[in-house]
Amino acid sequence: MMIRIGKAEDNDYVANDLHVSRYHARLSREKDGSLMLEDLGSTNGTYVNGAQIVKKRISPADTIILGNGYALDIRHVLHSDNDYSDQFLLLKEIYARYIEQKVKIQSSNQFKTRLFQTLPFVIPGIIGLFIGMTNKDNPALFGVSLLITICIPTIGIYLAARQSSKIPQQLQDISNQFKIDYVCPKCGTFLGEIPWESLAKRKQCHACKAKWIKA
């Protein structure tokens, strides 16, 4: 990556200021990923954190002045090259977290639903069998065992249905947030449920042509 900065219209980043030279400075990215700012023999100089420089490694947090007072925002300069690779990298974690939450909700609710559906049938059967075997001649206890056998499974079915009804809303909630977060860092276009790795192979946004992967 190499971005020319200056007052002339054919620069990659145009700094329209009286004290900025036509071809004032150049910003490049080193092989290790660091940023290098180089003065191109400008009339009024390039300053990083108050010190005049000829060539210096910088970060977006540095205060950079061109000439006698033109403040240069490195983040804006990087975007002039349409480079959104750093922001795009953050989407990898967003996608992984979404899939993890989605699987967790589905598996957790399926387990709880099956638990509610199964245990109410097994436990009352055991209890009813025990009461029936130990109190064969007691009509009252037989009635209790019958009541347990009928009522508890009914409650279990109700709870299972209630648990299942929560799944769509939970999935909808995380889906709504995903649609807000999983977007092109430049134009904000929702990227669907396409895996991050597949998007990375495209290298850029089809809509705004923002660069997602460094060349």
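Select Glu38 to begin: with 22% relative accessibility, this residue counts as partly exposed, a class lying between buried (under 20% relative accessible area) and exposed (over 50%), computed with a 1.4 Å probe on protein chains only. The model in the viewer is predicted, so local features need pLDDT of at least 70 and side-chain atom pairs count only at pLDDT 80 or more, whereas totals for chains, interfaces and linings use all residues. Residues are numbered from 1 along each chain as its sequence is written, and side-chain values use heavy atoms, with hydrogens and water left out.

The side chains of Arg26 and Glu38 form a salt bridge, at 2.9 Å from N to O; the term denotes a side-chain nitrogen of Lys or Arg within 4 Å of a carboxyl oxygen of Asp or Glu. Glu38 belongs to strand 4 (residues 35-39) and Arg26 to strand 3 (residues 25-29), so that the pair, 12 residues apart, links distant parts of the chain. Helices (H or I, at least four residues) and strands (E, at least two) are DSSP runs, numbered from the N terminus. Arg26 is partly exposed as well, at 25% relative accessibility.

Move on to Arg57 and Asp32. Their closest N and O atoms are 3.5 Å apart, and the two residues form a salt bridge. Arg57 is in strand 7 (residues 55-58), while Asp32 is in the loop between strand 3 and strand 4; 25 residues separate these distant parts of the chain. Arg57 is partly exposed, at 45% relative accessible area, whereas Asp32 is exposed, at 58%.

Then select helix 2 (residues 85-134), where Arg97 and Glu93 are four residues apart and therefore separated by about one helical turn. A salt bridge joins their side chains, at 3.7 Å from N to O. Arg97 is partly exposed, with 35% relative accessibility; Glu93 is exposed, with 55% relative accessible area. The count of salt bridges by this rule comes to five.

Finally, display the open sheet of four strands, whose order is 6-5-8-9 and whose pairing is antiparallel. Strands are taken to pair if DSSP finds at least two bridges between them. Strand 6 (51-53) and strand 9 (70-72) are the edge strands, each pairing on one side only. From one strand to the next the twist averages 35 degrees, where axes are lines fitted to C-alpha atoms and angles run from 0 to 180 degrees between N-to-C directions. Zoom in on strand 5 (residues 46-48), which is joined to strand 6 by three bridges in an antiparallel arrangement. Within this pair, Thr46 stands opposite Ile53 of strand 6.
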